[in-house]
Amino acid sequence: MKKTVLIAAALATMLLGSSVEGWAAKLVARIDVSSQTMTVRYGQAVYRWRVSTARKGYITPRGTYRPQRTARMWYSRKYDMSPMPHSVFYRGGYAIHGTGAVKSLGRPASHGCVRLHPANAAAFYSMVRQAGFRNTRIVVTN
């Protein structure tokens, strides 16, 4: 019986990793709506980018999410086929994506999505695709 338990424990350790790091997300994006910033931690690298979240009359949902799907280029059917390059969808139609309205970054301007500079959106999209959906967390707070 002892031998079986030890073998099971060793196997679980090999499969799940021997540290807490095995359970933690490799890629974490924290969107702070109050400061209109997104901080991305990927391994040892840390990035901080200006964003635009929901303007008055709209909401950017708060909470912790995993990516649901990605699209290199998406066009919003809801908002006049507006382009959404390098989209990472995290809750239904809400996504983190690039924008052409870079002058608005740093203040609320969207219909609820998290808008990024196109270069930053491309970088984040690439990180998500590399890390995988299961290893990515998106945290949206006030």
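1. Let me start with the sheet: four strands make up an open sheet of mixed pairing, ordered 5-6-7-8. Strands here are DSSP runs of E with at least two residues, helices are runs of H or I with at least four residues, both numbered from the N terminus, and two strands pair if DSSP finds at least two bridges between them. Strand 5 and strand 8 (114-116) are the edges; each has a single partner strand, so one side of each has no neighbour in the sheet. From one strand to the next, the twist averages 30°.

2. A word on provenance. This is a predicted model, in which local features need pLDDT of at least 70 and side-chain atom pairs count only at pLDDT 80 or more, while totals for chains, interfaces and linings use all residues. Numbering starts from 1 along each chain as its sequence is written, and side-chain values use heavy atoms, with hydrogens and water left out.

3. How do strand 7 and strand 8 pair? Strand 7 (residues 94-98) runs in the parallel sense with strand 8, over three bridges. Ile96 has Val114 of strand 8 as its bridge partner.

4. Helix 2 (residues 118-131) lies across strand 5, strand 6 (82-91), strand 7 and strand 8, at about 40° to strand 6. For such angles, axes are lines fitted to C-alpha atoms, for helices over the stretch in contact (heavy atoms within 4.5 Å), and angles run from 0 to 180 degrees between N-to-C directions.

5. Zooming out, the protein has two helices and nine strands, in the order α-β-β-β-β-β-β-β-β-α-β from the N terminus. Of the contacts with a separation of 6 or more, 55% join residues 24 or more positions apart.

6. Finally, a loop to look at: Gly43 sits between strand 2 (37-42) and strand 3 (45-50). Gly43 counts as exposed because its relative accessibility is 60%. Val28 is 15 residues from Gly43 in sequence, and their C-alpha atoms are 9.3 Å apart in space.

Key
Buried means under 20% relative accessible area, exposed over 50%, partly exposed in between (1.4 Å probe, protein chains only).
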